[in-house]
Amino acid sequence: MKMKDYLLSAAADFNVKLTEEQVNMFEVYFDLLVEWNKKLNLTAITDEMGVAVKHFTDSFSILNYIDIPEKAKVIDVGTGAGFPGIVLKIVRPDIELSLLDSLKKRFLFLEEVIDKLNFEADLLQGRAEEYGNDLDCREAYDLVVSRAVANLNTLSEYCLPLTRISGTFAAFKGSGADEEIASARRAISILGGKVKSTNSFELPYDCGQRTIVCIEKIKPTPEKYPRNNGKIKSKPL
């Protein structure tokens with residue numbers, strides 16, 4: 001099977017209908033990912049089934065659990081190779097997308113993807129806590145998403161300051177998310193959030209369990225957060 005076949009099969013499992021144009025965009029994205037991965041360490045997954053399911057399907061699975069408003073402002077924190085942000089933009093071209101990452105070299109890849117797919121996105125190079133204290137970005141986004149590997153209590157301090165009141169921070173996790181949620185509840189509350197739902201599911205083709213934790217922003221984040229990166233990591237809330 002080709003990447004396209006895995007993608008269409010997996011999308012059907014998640015009630016996502018892809019147009020021919022969108023499938024073509026995913027094929028371009030896949031080819032660029034494999035090509036650039038030879039010179040940049042973007043992902044350990046480059047096989048057709050792995051990318052189609054573990055990257056693309058995993059990224060758009062969120063559409064089953066969150067109703068993203070029309071023309072929503074979405075920011076992908078720690079975007080890496082563009083997951084889930086670019087995938088969401090392909091499936092939901094109406095969203096206003098920002099991609100945030102601390103490593104400048106990744107933006108060369110992201111710039112080419114955006115150019116070849118012919119859509120607009122803001123590329124923000126820097127640390128999440130810096131943008132969380134930026135008046136143009138603080139509490140400015142309807143949806144904040146992240147597939148970063150940080151624990152949820154740490155990740156919440158990066159992401160909730162960027163989330164607008166009544167907006168959603170969605171953390172993509174693997175199995176064992178319940179333990180992370182339990183240890184992060186205090187941090188989430190301090191930062192103005194509340195766990196709204198925990199959505200666990202199996203990816204097709206035995207590609208593993210995933211959990212999307214949806215956190216609603218119910219009150220403003222106190223001004224002293226986010227702290228600098230050293231304190232966030234050494235003294236998590």
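This is a predicted model: local features need pLDDT of at least 70, side-chain atom pairs count only at pLDDT 80 or more; totals for chains, interfaces and linings use all residues.
Helix H2 covers residues 20-37 and helix H3 covers residues 48-60; their axes come within 11 Å and cross at roughly 120°. Angles of 65 to 115 degrees count as roughly perpendicular and those over 145 as roughly antiparallel, so H2 is oblique to H3.

A look at the side chains shows who takes part. On the H2 side, the contact is made by Phe26, Tyr29, Phe30 and Leu33, while H3 contributes Glu48, Val51, Phe56 and Phe60. Sorted by class, this contact of H2 with H3 has seven nonpolar residues, no polar ones and one charged residue.

Next comes the sheet. Strands of a sheet pair through backbone hydrogen bonds, either parallel or antiparallel. Here, seven strands form an open sheet with mixed pairing, and reading across it gives the order S3-S2-S1-S4-S5-S7-S6. Strand S3 (122-125) and strand S6 (193-202) are the edge strands, each pairing on one side only. On average, neighbouring strands of this sheet are turned by 20° against each other, direction ignored.

Within the sheet, strand S1 (residues 73-77) and strand S4 (residues 141-146) run parallel and are joined by three bridges. In this pair, Val74 stands opposite Leu143 in S4.

Helices also lie across these strands. Helix H5 (residues 105-117) lies across strand S2 (96-101) and S3, and runs at about 180° to S3. Helix H7 (residues 152-159) lies across S1, S4, strand S5 (163-173) and strand S7 (209-217), running at about 145° to S5.

Methods: Residues are numbered from 1 along each chain as its sequence is written. Side-chain values use heavy atoms; hydrogens and water are left out. Axes are lines fitted to C-alpha atoms, for helices over the stretch in contact, and angles run from 0 to 180 degrees between N-to-C directions. Helices (H or I, at least four residues) and strands (E, at least two) are DSSP runs, numbered from the N terminus. Angles under 35 degrees count as roughly parallel, over 145 as roughly antiparallel, 65 to 115 as roughly perpendicular and the rest as oblique. Contact means heavy atoms within 4.5 Å. Ala, Val, Leu, Ile, Met, Phe, Trp, Tyr, Cys and Pro count as nonpolar, Asp, Glu, Lys and Arg as charged, and the others, Gly among them, as polar. Two strands pair if DSSP finds at least two bridges between them.
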